[in-house]
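Here is a briefing on helix packing and pockets. Look over the model first, then read on.

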Amino acid sequence: MKILPGLILASLFALPAWYFGGLIPLAGGPILALFGGMVLSFFFPALVQGERAAVFGPGLRTCSKKVLQIAIVLIGFGMNLSYINALGAPVLLVLGLNALAVFLCARAAGAKLKPQKRTLIAVGTAICGGSAIAAAAPVIRASDEDVAQALSTVFLFNLAAVFVFPLLGRLLSLGDLAFGVWAGLGINDTSSVVAAASAWSNAAGNDSALSMAILVKLIRTLMILPVTAALALYHSRGRKGEGGSFRFTAVFPWFILFFGATVTINTLEWVGEPYRTVLVQGGRFFICMAMAAIGLNSRVKELLKSGLGPLALGGLLWFLIAGLSLAALRYITL
């Protein structure tokens, strides 16, 4: 099989990244796999580029596309629609308005950036970091370079949020529940939400902030489904003008529907806990494989030449969602 060498290579990177990502949740397996692949691609390009590309290329491309889609479907077994009922309508409204503001700002402020790149940075900021980027990438036909740069940008501000949010929360004299809501609304990635809220809860001597932050973040993560579906519809409209015959069924990312099905199955508790855990862990491992493949396929020198535009956009969107979420606390009853 032509794809086997590339699959094996990606697996070799994914396995340690998946393992150590559990020990270092702030970084996470996908980020470790991505950076590991990028380092190898930068220092030893002959291993995965040039003539070797014919050996590893098919499997790496399969990982970054098909395996990634399978991973997103499996991750659905870790989500539950009942989370939505646990918080009131104001939180849901804020989530929707935050996402809308981020996308509008990204479109205006990132007009000079490649559309796929600014969309991925917006998705990662508005929803849940790496998982949202992974889900949106195949929908908008983003390149591996776009994914790598978006992940790196979002990760940088995830790291900053872990230290900045607790400090600002103390300066603003936020209560435990208020900080938990703010962290869940304003920090991108789940691991960073947990890290920031854990630091707060440890200092407060209770788990109120941590529990609230996780609950809000889980609801926010569920936005992956409607947002990716909306992106699919929007980009399919754009492809109507590409000429030739157009069929919506040919361009629609059907894995989104399977993702919705796995979320529904988990909500109805049709799969037992031991099996659900295995499926979710399998999805996380496949994401590590996909990120390793993207890192190996990336051209790091070309990424560095793209300038500070993506970083500036990521910072602007991060400040925007953090500020809007903080302002919204006065309208949320805790």
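At roughly what angle do the axes of helix α8 (residues 176-186) and helix α16 (residues 309-328) cross? They cross at roughly 150° and come within 9 Å. This is a predicted model: local features need pLDDT of at least 70, side-chain atom pairs count only at pLDDT 80 or more, and totals for chains, interfaces and linings use all residues. Residues are numbered from 1 along each chain as its sequence is written, and side-chain values use heavy atoms, with hydrogens and water left out.

**Helix pair α8 and α16**
- Axes are lines fitted to C-alpha atoms, for helices over the stretch in contact, and angles run from 0 to 180 degrees between N-to-C directions.
- Helices are DSSP runs (H or I, at least four residues), numbered from the N terminus.
- α8 and α16 are therefore roughly antiparallel (angles over 145 degrees).
- The crossing of α8 and α16 is right-handed (the near helix is turned clockwise from the far one by less than a right angle).
- Trp-182, Leu-185 and Gly-186 of α8 meet Trp-318, Ile-321, Ala-322, Ser-325 and Leu-326 of α16 (contact means heavy atoms within 4.5 Å).
- That contact holds 6 nonpolar, 2 polar and no charged residues (Ala, Val, Leu, Ile, Met, Phe, Trp, Tyr, Cys and Pro count as nonpolar, Asp, Glu, Lys and Arg as charged, the others, Gly among them, as polar).

**Helix pair α4 and α5**
- The axes of α4 (residues 89-109) and α5 (residues 115-128) come within 9 Å and cross at roughly 155°.
- α4 and α5 are therefore roughly antiparallel, and their crossing is right-handed.
- The contact residues include Phe-103 and Arg-107 of α4 and Thr-119 of α5.
- By class, the contact has 7 nonpolar, 2 polar and 2 charged residues.

**Second largest pocket**
- About 480 Å³ of space lies in the second largest pocket.
- Of its 17 lining residues, Phe-103, Arg-107, Thr-119, Leu-231 and Tyr-234 are the closest to its centre.
- α4, α5 and α11 (224-238) each give two or more residues to this lining.
- The lining has 13 nonpolar, 2 polar and 2 charged residues.

**Largest pocket**
- A pocket is an open set of points on a 1 Å grid over the protein atoms alone, where a 1.4 Å probe fits, with protein on both sides within 12 Å along at least five of seven lines; lining residues have an atom within 4 Å of a point.
- The largest pocket holds about 1,100 Å³ (the space filled by probe spheres set on the points).
- It is lined by 41 residues, with Ser-131, Asp-189, Thr-190, Ser-191 and Arg-284 nearest its centre.
- α14 gives the most to this lining, with 6 residues.
- The lining divides into 21 nonpolar, 16 polar and 4 charged residues.

Methods. Angles under 35 degrees count as roughly parallel, over 145 as roughly antiparallel, 65 to 115 as roughly perpendicular and the rest as oblique.
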